[in-house]
Amino acid sequence: MSIPALMPVYPRCDVRPVKGEHCHLIDEDGTRYLDFASGIAVNLLGHSHQGLIGAIQKQAETLMHVSNLYGSPQGERLAQMLVDKTFADTVFFTNSGAEAVECAIKTARAFHQHEGGDPARTELITFTSAFHGRTMATISASNQAKMHHGFLPLLEGFQYCEFDDLEAARAMIGPKTAGFLVEPIQGEGGIRPASQEFMQGLRDLADEHGLMLVLDEVQCGVARTGKLYAHELYGITPDIVATAKGIGGGFPLGACMATEHAARGMTFGTHGSTYGGNPLAMAAGTAVMEAVANDEFLEHVRDTGARLKAKLEQFIGNYPELFELVRGEGLMLGIKMKVESRPFFQHLRDKHQLLTVAAGDNTLRVLPPLVIGDAEIDEFFDKLSAGAADYTVPDAS
Ligand SMILES: *Cc1c(COP(=O)(O)O)cnc(C)c1O
């Protein structure tokens with residue numbers, strides 16, 4: 001047998017974390033890393049957060065799982081918190097981001113296939129360099145061939161349009177269009193925020209043509225940008241939003257949120273999930289929401305993010321041959337590089353014990369836990385400066 005026991009779909013690196021302490025990870029051999037990756041925008045309260053641990057522990061001792069055959073006081077509570085704090089009127093809980101996007105796609109289609117709709121409207125317009133997950137529907141929603149390879153045929157019903165090109169999106173609307181599916185700030189694509197004109201324009205087009213505006217906020221949602229959801233930065237109201245990653249603070253949890261109007265097709269028996277919304281996940285989500293969904297915390301993220309971004313912008317000026325620009329909002333920041341970003345990200349990790357995330361468009365993603373303070377920012381710049389100073393760009397061969 002030569003295939004590893006863990007299916008070899010990830011090119012895993014040699015860092016093998018076994019313990020987390022606030023904004024640091026500790027490896028099997030005791031090496032300490034500064035974690036500015038947060039499990040890809042997940043651990044927003046850092047590691048070993050006492051409130052989150054306590055909530056999960058208490059719920060695990062009380063009741064872990066019962067299925068959705070029964071009433072859910074735990075689910076009602078978290079759904080109500082989300083309804084109170086967001087555009088949404090109703091929430092479906094999932095276990096992951098891709099499942100949240102799947103539910104969002106189904107909700108958008110069901111809107112048109114429901115009474116009063118136009119069942120011919122089955123297609124969502126999606127955007128280049130998008131990432132929506134790894135299920136068949138969510139890879140079909142992305143134009144990235146590397147995710148399709150080996151898994152054909154794709155699912156029908158997606159049309160790819162240039163990201164941030166409003167005129168192209170307008171031109172693509174036809175009698176089969178059901179709506180738009182878009183990340184307000186692309187994550188995997190390289191921390192690329194959509195422009196104000198684009199997001200407002202999609203909202204206007206959706207209103208004009210009776211289409212659904214579906215946002216994938218799996219990475220940019222849950223306080224990451226300094227707003228509870230990134231669309232608030234644009235002052236627009238979506239119809240449907242997929243959220244996950246940060247919402248469980250490390251516990252697998254996602255949700256599809258919708259307005260009452262948009263959710264009209266999601267009636268008894270139309271959708272389901274065995275684990276989705278189980279009491280343990282609800283305890284984690286409730287603890288996270290209690291910690292982040294308040295003005296004080298969001299202001300901390302905005303202030304810290306602004307400080308980190310300003311310092312980064314100043315810093316990259318010292319290495320004009322390596323870095324091009326800094327972009328993003330709050331603590332969802334990206335450094336676009338002039339050289340390949342992946343080898344530099346590996347160098348920071350292996351030589352300087354600084355964890356970041358590589359992304360598309362030669363971007364280095366800076367996604368720290370949202371609870372960082374000055375000590376972590378100082379440590380980050382110590383490591384980043386040292387890393388830039390002793391970096392040799394590998395030969396392009
Ligand atoms: C991570 C991500 C997903 C997929 O989430 P999973 O939990 O891995 O299924 C979907 N959309 C965006 C924008 C993401 O960043």
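1. First, some ground rules. Helices (H or I, at least four residues) and strands (E, at least two) are DSSP runs, numbered from the N terminus. Contact means heavy atoms within 4.5 Å. Axes are lines fitted to C-alpha atoms, for helices over the stretch in contact, and angles run from 0 to 180 degrees between N-to-C directions. This is a predicted model, where local features need pLDDT of at least 70 and side-chain atom pairs count only at pLDDT 80 or more, while totals for chains, interfaces and linings use all residues. Residues are numbered from 1 along each chain as its sequence is written, and side-chain values use heavy atoms, leaving out hydrogens and water.

2. Start with the open sheet: 7 strands in the order β4-β12-β11-β10-β7-β5-β6, with mixed pairing (two strands pair if DSSP finds at least two bridges between them). At the edges are β4 (90-94) and β6 (158-161), each with a single partner strand, so one side of each has no neighbour in the sheet. On average, neighbouring strands are turned by 20° against each other, direction ignored.

3. Now look at β5 (123-127), which runs parallel to β7 with 3 bridges and parallel to β6 with 4 bridges. Leu 124 has a bridge partner on each strand: Gly 179 in β7 and Phe 158 in β6. Gly 179 is also bridged to Met 212 in β10; β7 (177-182) and β10 (212-216) pair in the parallel sense over 4 bridges.

4. How many residues of β5 are buried? It's 5 of the 5, so β5 is largely enclosed by the rest of the structure (buried means under 20% relative accessible area, exposed over 50%, partly exposed in between, with a 1.4 Å probe and protein chains only). Glu 123, Ile 125 and Phe 127 are on one side, with Leu 124 and Thr 126 on the other. Helix α8 (196-209) lies across β5, β7 and β10, at about 160° to β7.

5. On to the rings. Rings of Phe, Tyr and Trp (its six-membered ring) pair if their centres lie within 6.5 Å; planes under 30 degrees apart count as stacked, over 60 as edge-to-face and the rest as tilted. That gives 10 aromatic pairs. Tyr 319 and Phe 323 have centres 6.4 Å apart and planes at 90°, so they are edge-to-face. Tyr 319 is buried at 17%, and Phe 323 is buried at 2%. Both belong to one aromatic cluster, which also includes Phe 36 and Tyr 391.
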